[in-house]
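Here is a short briefing on one protein chain. Look over the sequence and the structure first, then read on.

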Amino acid sequence: MSITFSLQSLKLSSPFLHGSTSLPLLSKPNSSPPHQPLRSPAFLPPIRAMKSMQGRVVCATNDKTVAVEVVRLAPHPKYRRRVRKKKKFQAHDPDNQFKVGDYVQLEKSRPISKTKTFIAVAVPSRNGKQEKEEAGELGIPLESKQTQEQPQA
């Protein structure tokens, strides 16, 4: 009982007790008032080290994996003319939905295997004009289809 009473009567008068005084104020006694507090990293926008790439599927024989060829333009080291550079990446295709010749978008992900660190995502086809012509731009059947539908009497 006397021990608890003596502990309660003890009071620590340290400025560091429960963080009552900040360290920057104590480190430099002659310093000016502290600057604005730093924003926490949660409010900063995420830094994307690499944007997604687009390429064409060149091999789809493996299960859940496609080989995608990405073409980019880079200056020639000596002549400074832009030349095409190709690189193949292995990408994860969980549903085996992509075939050779499809255009896909590669998005960075956690490593799935030794060579696969991308996921293949579908991209709208590049020949969108041909699809519009087949269906008719206004949804009206084309003349060639109208003549076939009329019965000949």
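How much accessible surface does the protein chain have, and what percentage of it belongs to carbon and sulfur atoms? The accessible surface comes to about 13,900 Å², and 56% of it belongs to carbon and sulfur atoms. Such areas come from the Shrake-Rupley method with a 1.4 Å probe; for residues, only the protein chains shown count as cover.

This is a predicted model: local features need pLDDT of at least 70, side-chain atom pairs count only at pLDDT 80 or more, and totals for chains, interfaces and linings use all residues. Residues are numbered from 1 along each chain as its sequence is written, and side-chain values use heavy atoms, with hydrogens and water left out.

**Overall layout**

- The protein chain has four helices and five strands. Helices (H or I, at least four residues) and strands (E, at least two) are DSSP runs, numbered from the N terminus.
- Along the sequence, the pattern reads α-α-β-β-β-β-β-α-α.
- The protein chain has 153 residues, and 14% of them count as buried. Buried means under 20% relative accessible area, exposed means over 50%, and partly exposed is in between (1.4 Å probe, protein chains only).
- Take the contacts (heavy atoms within 4.5 Å) between residues at least 6 apart in sequence: 43% of these join residues at least 24 apart.

**The nonpolar core**

- In soluble globular proteins, nonpolar side chains tend to be buried together.
- A nonpolar core is a set of buried Ala, Val, Leu, Ile, Met, Phe, Trp, Tyr and Cys residues joined through side-chain atoms within 4.5 Å.
- The largest one here has 12 residues, including Met53, Val68, Phe89, Phe98, Leu106, Phe118 and Ala120.
- Strands S1 (53-59), S2 (65-75), S3, S4 (103-108) and S5 each supply at least two of its residues. S2 gives the largest share, three residues.
- Ala120 touches Val66, Ala91, His92, Phe98, Val104, Gln105 and Leu106, not counting residues up to four places away in sequence.

**The aromatic pair**

- The structure holds one aromatic pair. Rings of Phe, Tyr and Trp (its six-membered ring) pair if their centres lie within 6.5 Å; planes under 30 degrees apart count as stacked, over 60 as edge-to-face and the rest as tilted.
- Phe89 and Phe118 form this pair, which is edge-to-face, with 5.2 Å centre to centre and 70° between the planes.
- Phe89 lies in S3 (residues 82-92) and Phe118 in S5 (residues 116-122), so the pair ties together parts 29 residues apart in sequence.
- Phe89 is buried at 16% relative accessible area, and Phe118 is buried at 6%.
- Lys108 lies over the face of Phe118, at 5.1 Å from the ring centre. A charge sits over a ring if NZ of Lys or CZ of Arg is within 6 Å of the ring centre and within 35 degrees of the ring normal.

**A buried histidine**

- His92 is in strand S3 and is buried, with a relative accessible area of 18%.
- The side chains of His92 and Lys116 make a polar contact (3.1 Å). A polar contact is a pair of N or O atoms within 3.5 Å; within protein, one must be able to donate a hydrogen and the other to accept it, and residues adjacent in sequence count only if both atoms are side-chain atoms.
- Beyond four places in sequence, the contacts of His92 include Lys64, Ile112 and Phe118.

**Positive phi in two loops**

- Most residues other than glycine have a negative phi.
- Lys64 has a phi near 60°. Lys64 is in the loop between S1 and S2 and is partly exposed, at 39%.
- Arg80 also has a phi near 60°. Arg80 is in the loop between S2 and S3 and is exposed, at 62%.
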